[in-house]
Amino acid sequence: HAELKGIQISDRDGVPIVALNPSASGSARSAPLEATFMLVADQLSKMQLGKCKQLTAVYENQVVVHVYAAPVVITLIGKPDSDIDSLIHLTCRVKEAIQPLQQKFSSLDMA
């Protein structure tokens, strides 16, 4: 995907499980970004609008899309001129691809 700088799959605490394209690191990329997403999502859910499943942030040098795919967080880092709808659509494909990983971490979470 030409607009994509990187993808990271992490646990809800921001601990990376899989990271693709490390060129994304060094910009606004770090494990606290994913952990902060979960804190913000939890707070937004208190607004009685339902659970926050996704958050998109647009920065000067990149676009970041976070998606909570229990029990993991998918983070896509795009170029600043990325088509956000395209990145969001890509998260659906990533969710499908990581279903075995989600199941494995779900079973570990319950243990």
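This is a predicted model: local features need pLDDT of at least 70, side-chain atom pairs count only at pLDDT 80 or more; totals for chains, interfaces and linings use all residues.
Student: Which residues of α2 are buried?

Tutor: A residue is called buried when its relative accessible area is under 20%, and exposed when that area is over 50%. In α2, the residues Leu87, Leu90, Thr91 and Val94 are buried. They cover an arc of only 115° around the axis, so they lie on the same side of α2. On the other side of the helix, Asp85, His89, Arg93 and Glu96 are exposed.

Student: What covers the buried residues of α2?

Tutor: The cover includes the strands β1 (4-11), β4 and β5.

Student: Which residue caps the N-terminal end of α2?

Tutor: Asp83 is the cap: one of its side-chain oxygens lies 3.3 Å from the backbone nitrogen of Asp85.

Student: Let us turn to the loops. Where is Pro71, and what kind of peptide bond joins it to Ala70?

Tutor: Pro71 is in the loop between β4 (63-69) and β5 (72-78). The peptide bond between Ala70 and Pro71 is cis, with an omega of about 5°.

Student: What is the phi of Gln48, and is this residue buried or exposed?

Tutor: Gln48 has a positive phi of about 60°, although it is not a glycine. Gln48 belongs to the loop between α1 (31-45) and β3 (54-58). With a relative accessible area of 77%, Gln48 is exposed.

Definitions and conventions. Residues are numbered from 1 along each chain as its sequence is written. Side-chain values use heavy atoms; hydrogens and water are left out. Helices (H or I, at least four residues) and strands (E, at least two) are DSSP runs, numbered from the N terminus. Buried means under 20% relative accessible area, exposed over 50%, partly exposed in between (1.4 Å probe, protein chains only). The arc is that of the directions from the helix axis to the C-beta atoms. Contact means heavy atoms within 4.5 Å. A polar contact is a pair of N or O atoms within 3.5 Å; within protein, one must be able to donate a hydrogen and the other to accept it, and residues adjacent in sequence count only if both atoms are side-chain atoms.
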